[in-house]
Amino acid sequence: MKFKNKLAQIASSLRDTNTSRALFTLLIFFVASTIFVNRFFTLNNLINVLRQSALVFSFSIGMAIAMLLAGLDLSIGAVAAYSGVLAASLISNGYIVLGIIVGLLVGITCGLISGVIISKYKVPPFIMTFGMMKIASGLALNFTKGESIYGLSDKFRWIGVGTIGLIPAPLIICTVLLILLAYFGKRSVLGRRIYAVGSNRNAARFSGIPCERTLMIGYALSGLFSGIAGLMFVARLGSAEGIMGDGWPLQAIAACVLGGVSFAGGEGTIQGAAIGALCVAIMYNVLNLLGVSPSWQQFLIGFVIIFVISIDFIKSQIIRKKNISNKLRTMQKTA
Amino acid sequence: MGKKGKKLHLSGPAIILIVLVVVSSLFINSFIRIGNINNILRQASMLSLVAMGQCIVILLAGIDLSQGSVMGLTGVSTALILSKGVPLVPGIILGLAIAMFCGLINGYLISYVKIPQFVATFGMFGMALGVALVISDSRVIWGFPETVRVIHDGEILGISAPFVIVGIIYLIMFWLLKFTRFGTSIYAIGGNATAAELSGMPVKRNVMLSYGISGLLAGAAGIMLMARMNSARAIMGTGYEFEAIAAVILGGTNRLGGKGGAVETITGVLILAVVRNALNLIGVSVYLQMVAVGFVLIVVYIINQNKGSNPLRKWFPVKNKGLVSGTTGNGNGR
């Protein structure tokens, strides 16, 4: 009986339009690439895709949280690079735990600074996180002087390249994060507050939600997850560079948008972002398998983002028109 | 460069610029030399064009992220057109037409299809960059006629060509924004698009045109950059769009629409250029310059936003006075 209830719950959550649409997109991507690309549906390649998607997901979390708060976080790549670089320099000297702690602390601090300035000084997230991007990547590049940091111990590299059986370690880490976030996003006070502040800040304030604190914590979390992403990426590459997170904000936006997280805020889920990350990973993987040059990859990804969002918008407008005409009809009837 | 308006009271950014210039010339020996000032202005000329385009879009409470790659696309395609033997003027006009076309597509998507500006222009960023990379085969294009260099190295009546071009464009833009119906409607749309539409302004057409102008100016900057480097690359403009946004915001143009214009934009561009130049002269590394730019951007934004009679107020935000002064729904900043 309980099991049946759970099933019903899962089914109803699938009916949640954003996530189901994201799943549908993923299905199309997956089926199309299985049919049209020869080497796609092999065990090795699929594991590769999953490994890649774990990375994309790890840096999309921060963006997803910021987007749920009706903002965005352009600094995720730079913050990841800064914390990755600092952590790597400690780890290459043998202080693994200290390195990880410092990496995470740097992430949280950068995020917290953004959050404080966004909430207290009313600076728009775009400008604040853009400034933070400049600051963090400048500091990272200044720290490495433009060179790479090598010599990371294998123990640390396990979180990037290790496997348990066939399953890559980063995938396990990301799955744990996903489950935790998906649970707390819907069930915890903070999660509900983030949704409330994102969808309508005034309404949230009127209902007594501490908007400023929620914003601060949200951006701090975004920084924390950027730090985690930076550590995972460093562990995977075996080296750290100041420029390593350059393209991440754009990929993260792509993942979030494909996963149904709306720019308007308060709409979408972390599961959606994970599905979007899978889509992005499949897209890059397929384009690589087909031997498409990076330049066309750039073009196609821009195109896909516009395409998905325009469909989304046109659909929402049709729905709105329908609603309005329905309302008019009922009004006429009552009159 | 036309920074001389008949303003009786100076705006905050203008004061910041003057303070910066005075401080740098006091503490850095080589700052206040004709050669160096010429250098600052020359470096600022590309950015000032891009920033002017960005300014119009920001006045509409929008954003144009595609400028950098449109710059690259224009530079590359103009270089290819010129190296095919097309004369200078038609070649440049063709290049500018491509740039304007990209901008108009942005505008069409935003005003008629109603895609959010951020998404449309970001998609255009990817597409223009992709096309530029493909047609240039990801290589540096060079070997077109030397005459192109006139745009950057030439002189008209003893004034360097870039200053003349930038000056003329800024005069046109100043006129366009302050004295035409189009300009008035842009401020109106930025303030309240629905109200503008209801009062009979051609909102959709003007939004589309503004993005077209933004693309056009980005293209002009691309051609100027091409002339300066005597070569063209697809990625040569990437990053300019962010610099431009920073410059516009530094100048005091309000992102949520309504305030600002040509004078403010050039002030912002000059603040950025002077900071960069001063740091260069002191010998601060490029990386720390990035940090400084980010820092200055945020601090100046906070100062601009919290203007008050009390100078201390500028530095310390006013405590939430209640519903009216707190962030409203659109404080989310997009």
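A: Leu216(B) sits in helix α10 of chain B, which runs over residues 203–229, and the model in which we see it is a predicted one. Leu216(B) counts as buried because 24 other C-beta atoms lie within 10 Å, where 20 or more are needed for that label. If we leave aside its neighbours within four places in sequence, Leu216(B) is in contact with Leu96(B), Ala99(B), Met100(B) and Gly103(B). Gly126(B), by comparison, is 90 residues away along the chain from Leu216(B), and the C-alpha atoms of the two are separated by 18 Å.

Val50(B) and Ala221(B), together with Tyr82(A), are the residues with the most contacts inside the largest nonpolar core, which has 210 residues. This core draws at least three residues from each of domain 1 (42–291) and domain 2 (298–335) of chain A.

Turning to those two domains, the C-alpha centres of domain 1 and domain 2 of chain A lie 31 Å apart, and their contact takes five residues from domain 1 of chain A and six residues from domain 2 of chain A. On the side of domain 1 of chain A that touches domain 2 of chain A, α12 (248–258) and α13 (270–289) of chain A each supply at least two residues, with α12(A) giving the most, three residues. By class, that side of domain 1 of chain A has five nonpolar residues, no polar and no charged ones.

Note on methods: Residues are numbered from 1 along each chain as its sequence is written. Chains are lettered from A and ligands numbered from 1 in the order in which they are written. This is a predicted model: local features need pLDDT of at least 70, side-chain atom pairs count only at pLDDT 80 or more; totals for chains, interfaces and linings use all residues. A nonpolar core is a set of buried Ala, Val, Leu, Ile, Met, Phe, Trp, Tyr and Cys residues joined through C-beta atoms within 7 Å. A residue is buried if 20 or more other C-beta atoms lie within 10 Å of its own, exposed if 12 or fewer, and partly exposed in between; C-beta atoms are placed from the backbone. Domain bounds come from an automatic or database domain assignment. Two residues are in contact if their C-beta atoms, placed from the backbone, lie within 7 Å. Helices (H or I, at least four residues) and strands (E, at least two) are DSSP runs, numbered from the N terminus. Ala, Val, Leu, Ile, Met, Phe, Trp, Tyr, Cys and Pro count as nonpolar, Asp, Glu, Lys and Arg as charged, and the others, Gly among them, as polar.
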